[in-house]
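Hi,

Here is the structure I promised to pass on to you. Have a look at it first, and then read my notes below.

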Amino acid sequence: MNHDFKSIIAQFCVDGEFVRGEAYGCGHINDTYAVYMNDRGCVYRVLLQRINTDIFSDVDGLMSNILGVTSHLRKKIAQRGGNPDRETLTVIRTKSGAPYYRNEAGCWRVYMFIEDTLTLQSARSRDDLYSCGSAFGAFLRDLADYDAETLTEAIPDFHNTPKRLETLRRAVAEDKMGRAAEVESEISFALSRTERAAAITSALSSGAIPLRVTHNDTKLNNTLVDISTQKCLCVIDLDTVMPGSALYDYGDAIRFSASTAPEDETDLSKVGLDLDLFEAFTSGYVCASGGSLTAAEIKLMPDAAIIMTLECGVRFLTDYLEGDTYFKIHRPRHNLDRCRAQFKLVEDMEIKYNKMADIAGR
Ligand code: ADP
Ligand code: GN1
Ligand code: MG
């Protein structure tokens with residue numbers, strides 16, 4: 001879709017003349033653009049996003065979460081001598097002081113563009129995953145004293161895996177696109193794991209593991225890597241910061257980053273868990289979280305990897321059955337390909353369960 005970037009950006013406290021806007025990044029949810037500005041001969045860019053309001057209906061609540069969390073993180077980063085402008089997101093407000101701008105096309109926000117960084121779609125080495133684990137571990141630690149009560153639940157039951165399975169059951173029953181017959185084996189793969197899927201939510205509700213402020217979308221491409229140090233500099237994509245379990249963050253990161261293949265790989269023989277990458281992320285995460293993870297959380301780490309991978313596969317499958325309305329797709333059956341890759345990864349993790357447990361235990 002073409003948008004009038006010039007008039008949208010004119011609403012924000014962004015200096016200089018508009019030059020151009022272009023699509024940017026590989027997120028599945030929001031529409032992201034790099035907008036170039038010319039400020040007295042100096043060209044720079046800002047990051048413009050159209051927030052997906054089909055998914056995030058309470059944009060005021062969402063933006064107030066982001067403002068609260070980033071101002072808390074800024075203080076922590078400054079206290080340890082870091083650079084808050086590069087190590088967390090900075091919301092650029094509108095000229096009237098609002099954190100976003102609404103027009104007929106939707107809700108728009110602008111972030112400072114964090115330059116001289118890379119977004120990795122897959123790990124190039126163990127070091128990338130150690131560093132990514134450290135960044136998400138530090139995120140958990142820095143928000144440990146954040147008042148969770150002030151956070152809006154941007155997407156209720158986001159990582160409630162049993163509820164995700166319920167939604168899948170409903171989508172199968174409705175079968176509005178007539179696709180259920182084709183994916184019978186994927187449906188039974190998911191439903192046969194219903195019991196295992198409840199391990200994190202049950203542990204949370206019994207009090208066996210604590211509720212914390214978590215990121216909830218810990219893909220490698222939701223971090224920025226500093227080009228000069230080659231280390232993870234900044235955790236981004238803060239839309240889903242909510243009270244949750246550290247195991248959601250840990251498991252989802254393993255799902256995406258410790259796999260031997262991309263999330264949408266169609267050659268399933270290439271998809272599996274790389275135990276070396278698993279070990280690298282796990283040590284980075286546990287060390288940087290500052291010793292705050294409990295024994296019960298650590299014990300559930302291998303289960304978390306499996307559950308979060310299963311859950312993501314279930315979400316892709318449900319979206320396929322419902323007509324691909326949630327995740328952006330770039331080809332027909334893309335959600336089905338993503339689902340199959342997740343389920344293949346679950347199978348491989350089940351085989352490697354004891355090895356994962358040994359590593360996490362160490
Ligand atoms: P989505 O919710 O759709 O995944 P993200 O917030 O993750 O959107 O942004 C998509 C991509 O845009 C990221 O993967 C990253 O490459 C890039 N990005 C996001 N915020 C910034 C920023 N402040 N500076 C530089 N790049 C960014
Ligand atoms: C979405 O926004 P993005 O692309 O970082 C999704 C995650 C999924 C992920 C799968 C708000 O993440 O939950 O795990 O796709 N985000 C939302 O790639 O649903
Ligand atoms: Mg993202």
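Let's start with ligand 1: the space it takes is the largest pocket. Two terms need explaining here. A pocket is worked out on a 1 Å grid over the protein atoms alone, as an open set of points with protein on both sides within 12 Å along at least five of seven lines, whereas a cavity is a set of points where a 1.4 Å probe fits but cannot get out; lining residues have an atom within 4 Å of a point. A molecule sits in a pocket or cavity if more than half of its atoms lie within 2 Å of its grid points. The elements that give two or more residues to the shell around ligand 1 are β3 (42-51) and β6 (106-112). Those labels come from DSSP runs, numbered from the N terminus: helices are H or I with at least four residues, and strands are E with at least two.

Before going on, some housekeeping. This is a predicted model, in which local features need pLDDT of at least 70 and side-chain atom pairs count only at pLDDT 80 or more, while totals for chains, interfaces and linings use all residues. Residues are numbered from 1 along each chain as its sequence is written, chains are lettered from A and ligands numbered from 1 in the order in which they are written, and side-chain values use heavy atoms, with hydrogens and water left out.

**More on ligand 1**

Which residues are closest to ligand 1? They are Asn30, Gln49, Ile114, Thr119 and Asn221, out of 20 residues that surround ligand 1. To be near a molecule, a residue must have one of its heavy atoms within 4 Å of it. By class, this shell has 10 nonpolar, 9 polar and 1 charged residues. Nonpolar here covers Ala, Val, Leu, Ile, Met, Phe, Trp, Tyr, Cys and Pro; Asp, Glu, Lys and Arg are charged; the others, Gly among them, are polar.

Now the polar contacts, which for a ligand are pairs of N or O atoms within 3.5 Å. Thr119 has a polar side-chain atom 2.7 Å from an oxygen atom of ligand 1. For Gln49, the distance from an N or O atom in the side chain to an oxygen atom of ligand 1 is 2.9 Å. Asp237 puts a polar side-chain atom 3.0 Å from an oxygen atom of ligand 1. On its own, ligand 1 has 550 Å² of accessible area, and the protein covers 96% of that. These areas come from the Shrake-Rupley method with a 1.4 Å probe; for residues, only the protein chains shown count as cover.

**Ligand 2**

Ligand 2 sits in the largest pocket. Around ligand 2 there are 17 residues, and the closest are His28, Lys219, Glu263, Arg315 and Tyr326. Helix α12 (301-321) gives the largest share of this shell, 3 residues. The classes here are 7 nonpolar, 4 polar and 6 charged residues.

Asp237 turns up here as well: an N or O atom in its side chain is 2.9 Å from an oxygen atom of ligand 2. Lys219 has a side-chain N or O atom 2.7 Å from an oxygen atom of ligand 2. With His28, a polar backbone atom is 2.8 Å from an oxygen atom of ligand 2. The protein covers 97% of the 450 Å² of accessible area that ligand 2 has on its own.

**A few single residues**

Is Phe136 buried or exposed? Phe136, in helix α4 (residues 126-142), is buried, because its relative accessible area is 0%. Buried means under 20%, exposed over 50%, and partly exposed in between (1.4 Å probe, protein chains only). Phe136 and His215 are 79 residues apart in sequence, yet 8.2 Å apart in space, C-alpha to C-alpha.

Phe327 is in the loop between α12 and α13, and it is buried too, at 8%. Its C-alpha atom is 9.2 Å from that of Gly27, 300 residues away along the chain.

Finally, look at Gln230: its phi is positive, about 60 degrees, although it is not a glycine. Gln230 is in the loop between β9 (223-226) and β10 (232-235), and is partly exposed at 33%. Arg333 also has a positive phi of about 60 degrees without being a glycine; with 39% relative accessibility, Arg333 is partly exposed.

Cheers

Terms used
A polar contact is a pair of N or O atoms within 3.5 Å; within protein, one must be able to donate a hydrogen and the other to accept it, and residues adjacent in sequence count only if both atoms are side-chain atoms.
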